[in-house]
2 protein chains.
Amino acid sequence: MSRRVASRGRRSLSEIKQLPFRNLRNPYPPLQVISSDEIEFIHNRSLDLLEDFGCNFHLDEARGLLKAAGAEVDLNSSRVRFERGLVEEKIKTVPRLFKLNARNSEHSLLVGEDNINFLMVASAPYTSDFDRGRINGSLETLIELIKLSQALNICHGCQGYPVEPIDVPVPIRHLEAGRAMVKYTDKVMSGYGLGRQRLADIHEINRIALGVTEEEFASKPYMVTMCNCNSPLQYDAHLTSGLIENAKRNQVSVISPFTLSGAMSPVTLAGTLVQQNAEALAGIVLSQIVRPGAPILYGAFASNVDMKSGAPAFGTPEYAKTTIACGQLARRYGFPYRSSAPSTSCAADVQGSYETAMSLWACILGHANFIKHTFGWQEGGLASCFEKVIMDAELAQGLAQFMVPIEINEANVGYEAIKAVGPGGHFFGSPHTLERYQTAFYSPMLSDWRNYEAWLEAGAKDASARANEIWKKLLADYEEPALDRAIAEELDAYVDRRIREGGAPYGE
Amino acid sequence: MSRRVASRGRRSLSEIKQLPFRNLRNPYPPLQVISSDEIEFIHNRSLDLLEDFGCNFHLDEARGLLKAAGAEVDLNSSRVRFERGLVEEKIKTVPRLFKLNARNSEHSLLVGEDNINFLMVASAPYTSDFDRGRINGSLETLIELIKLSQALNICHGCQGYPVEPIDVPVPIRHLEAGRAMVKYTDKVMSGYGLGRQRLADIHEINRIALGVTEEEFASKPYMVTMCNCNSPLQYDAHLTSGLIENAKRNQVSVISPFTLSGAMSPVTLAGTLVQQNAEALAGIVLSQIVRPGAPILYGAFASNVDMKSGAPAFGTPEYAKTTIACGQLARRYGFPYRSSAPSTSCAADVQGSYETAMSLWACILGHANFIKHTFGWQEGGLASCFEKVIMDAELAQGLAQFMVPIEINEANVGYEAIKAVGPGGHFFGSPHTLERYQTAFYSPMLSDWRNYEAWLEAGAKDASARANEIWKKLLADYEEPALDRAIAEELDAYVDRRIREGGAPYGE
């Protein structure tokens with residue numbers, strides 16, 4: 001490393017404190033909010049629903065594959081019914097754990113079992129920050145948010161565009177955004193399953209950035225794509241074709257019913273769990289028919305609407321309960337589990353903070369392996385907020401430190417130190433303290449622990465104001481990850497050519 | 001009820017939404033952050049410490065009682081050593097669960113096992129609010145905070161003065177504050193063990209307010225007093241005399257070591273757990289010697305200092321881990337468990353919110369039975385913040401709702417409703433929804449779930465600004481709980497006489 005790089009690295013570290021990037025594991029037992037009998041009840045009613053009612057698949061190819069595998073397909077509608085034995089047989093091949101390979105191998109992730117990954121906010125149409133206000137998403141703010149995902153060690157990567165670049169025309173948006181996603185971060189990659197041509201472009205952009213052959217690309221998981229069920233009980237053609245293409249190439253599909261209890265699923269959490277479990281199983285069966293062992297995530301996003309206004313609400317106690325219960329369901333099947341850390345507040349305020357805390361604690365307690373929207377989600381997903389990215393990063397760092405178990409052994413206890421200090425003494429000067437104090441405790445990025453007088457003298461900035469300073473500092477200090485020059489040229493050549501060709505019309 | 005009262009009740013309810021007052025229980029299994037072997041290791045090292053090193057008791061009476069019970073008392077110092085068999089024998093009589101009787105029996109509490117009680121902030125020297133700023137505690141703001149503790153259904157009571165009324169001279173402060181505590185709330189009562197005369201006055205004030213005889217008062221738990229260990233390893237004379245007097249009269253002592261890891265206990269959490277467990281056991285043994293079966297709470301308040309500045313930090317990941325581990329220790333012994341929900345932030349901001357969320361989630365996961373400082377703690381306990389009382393009440397309400405288990409049964413699932421709505425439909429008009437929608441979901445007190453445009457039009461108030469409006473509205477709507485006129489007169493007569501007598505000089 002050149003002296004200049006080393007010195008920049010040090011300066012940056014000394015100014016904004018961060019935990020190092022690492023794979024996180026929750027070492028504690030997952031919380032159980034429903035009994036194992038109740039899990040079996042939900043499982044059985046979900047299978048009943050798939051067997052005697054079924055789920056609609058709007059893509060002909062999907063119905064063909066399902067029929068060939070033994071599902072009952074109604075020729076006059078899109079309805080597919082699944083005999084329970086078929087479901088139970090097909091889901092056996094889902095991998096419990098897989099490695100998700102980043103173009104920088106130090107940023108590769110483990111997905112499944114007790115591994116925890118925190119992902120960036122995705123897909124909002126607006127950004128919000130204290131300097132520019134609430135504005136339409138753009139390529140510029142998209143790139144800034146991608147840079148923050150790279151700069152924040154606690155962020156394991158983007159999952160979808162951190163904001164929708166509305167200033168880029170739809171036919172070429174996936175090309176411009178896709179190029180930005182692989183250029184400004186070397187963390188794990190993602191795509192959208194919004195049409196076969198679009199997904200093929202994204203696969204190709206990622207393959208080029210990785211510097212691998214098509215065969216190598218299809219040999220192991222490199223990227224993750226959301227393939228949501230369109231609740232209640234239907235899979236549309238685009239997302240389903242994405243699911244099929246991902247499975248063919250060994251890339252990861254997240255099969256997430258998105259249910260708002262009372263609107264797209266029953267007003268009860270019990271009914272919501274039954275419906276969304278049935279929906280997820282239907283999509284997972286399809287993935288395993290396409291390719292047994294295709295990596296998937298069991299996704300859940302079960303919140304509720306405010307029954308007075310019909311408005312969706314996130315970060316609610318109901319969301320926390322279903323998030324943990326869905327973790328129990330995922331573990332019943334041995335599926336890796338995707339959840340989210342959403343909030344409803346329209347401001348980077350206390351409400352946003354306690355709502356995300358509610359969501360994120362539930363994700364941790366439910367052992368969600370892949371936590372979307374951890375950083376910056378605001379307004380129920382309509383705005384990606386720069387200040388909230390930092391607030392949420394502080395919360396996630398705290399939870400990462402919470403997941404470091406207390407080390408209990410004789411040396412650590414300091415039995416002799418306790419006796420040596422004795423009644424009324426203090427431990428500041430104890431050798432037991434001096435050997436350990438520098439790394440003993442979590443040191444925050446955003447929190448200010450000074451006393452009132454010192455805080456007042458420093459300008460009495462609240463945490464939101466400090467968050468504004470931190471994201472701007474992170475962007476100012478941002479260093480673009482290395483990308484081989486030949487790869488960069490190939491990437492630009494591909495993207496520029498596809499843009500000249502007009503990109504992909506809607507639905508292709 | 002007169003028409004006027006009924007109408008006021010309705011209006012008040014319709015304006016500020018609250019969950020009803022109720023006893024809360026955590027129905028989920030407690031989280032385990034250390035193994036049962038590690039719990040035994042901590043237990044054994046704690047007993048070793050009490051046996052071969054001991055703990056100082058500065059009160060002659062305490063040493064006399066301990067010596068008579070078989071402890072080894074050093075005549076030349078305050079040191080008391082406890083043979084492990086003595087500790088294990090004496091702690092057997094601690095009640096696992098007790099009822100704490102309020103003067104309004106509807107506000108009585110269950111303490112122990114899986115019961116959860118949320119208590120008001122206590123003992124801060126300052127108050128903070130957006131209108132008056134950060135000012136010295138006074139009888140006026142004390143009364144306002146007591147009124148908020150009464151008005152907030154999610155608050156189970158005060159535990160200590162919600163702010164120190166600094167404008168009242170010390171010798172009569174406990175009399176004025178004690179009168180305010182029993183007058184403006186009919187929830188559970190508390191006192192301070194700051195000298196024998198003071199505690200006797202508080203016992204008497206509470207006895208009068210309860211309208212019971214001295215014998216009745218001493219027959220069951222009515223009030224709770226903190227009897228902290230002065231860490232490391234010493235019990236001062238005042239708090240220990242309080243512990244003795246409470247045990248004699250069947251009133252509850254909370255035996256809380258207050259340790260900041262790195263300052264008053266080892267810099268490791270393992271060492272902190274060993275020391276504070278030894279300290280708590282020493283005080284608990286004394287309580288059971290005074291009266292076998294005396295109600296106590298095993299208290300823990302183990303946070304850490306910022307090792308760079310020496311400043312205490314609260315709401316840290318370390319605090320969360322020790323809070324849950326101490327719950328495991330408390331359950332190992334079958335002790336009711338007291339913890340706290342502190343934060344460090346100097347402002348009613350996002351930092352205060354995520355810090356209290358960290359603390360309070362840990363209390364819930366660790367099954368803390370008696371959670372002090374749930375509402376309004378700021379600046380590491382130096383200020384009681386009115387806006388934060390409301391922010392924290394919203395968080396506590398959310399957690400109370402989280403602790404209502406998902407009801408899973410055939411009727412709730414709405415299997416037929418799912419089939420009737422079918423693919424692509426919605427559940428808004430489903431009979432299954434219409435029967436349940438009014439009570440299906442949590443309705444918040446502070447959170448604003450409106451969309452951005454509606455929120456903007458309503459003034460774009462953030463949650464802290466709304467919290468400011470809510471506490472003022474709660475005070476404006478406050479209704480003083482009924483107190484029998486004869487009792488009120490007896491109470492005033494007692495307090496006024498004791499004030500004329502000069503109250504209690506320091507230390508008496």
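## Two crossing helices in chain A

In this predicted model, helix α2 (residues 36-52) and helix α11 (residues 317-333) of chain A pack at about 75° with axes 10 Å apart, so α2(A) and α11(A) are roughly perpendicular (that label covers 65 to 115 degrees). Axes here are lines fitted to C-alpha atoms over the stretch in contact, with angles from 0 to 180 degrees between N-to-C directions. Helices are DSSP runs of H or I, at least four residues, numbered from the N terminus.

Who touches whom? On α2(A), I39(A), E40(A), I42(A) and H43(A) meet A325(A), Q328(A), L329(A), R332(A) and Y333(A) of α11(A), contact being heavy atoms within 4.5 Å.

## Where chain B meets chain A

Here 112 residues of chain B contact 112 of chain A. About 9,600 Å² is buried between them, 71% of it from carbon and sulfur atoms; that's accessible area (1.4 Å probe) lost on being put together, summed over both parts. On the chain B side, I406(B), F441(B) and W449(B) lose the most area, together 9% of what that side buries.

There are six salt bridges between the chains, meaning a side-chain nitrogen of Lys or Arg within 4 Å of a carboxyl oxygen of Asp or Glu. One pairs D52(B) with K419(A), closest N and O atoms 3.5 Å apart. Helix α12 (residues 350-365) of chain B gives the most to the side touching chain A, with nine residues.

## Reading notes

Residues are numbered from 1 along each chain as its sequence is written, and chains are lettered from A in the order written. Local features need pLDDT of at least 70, and side-chain atom pairs 80 or more, while interface totals use all residues; side-chain values use heavy atoms, without hydrogens or water.

Terms used. Parallel < 35°, antiparallel > 145°, perpendicular 65-115°, else oblique. Buried area = accessible area lost by both parts, 1.4 Å probe.
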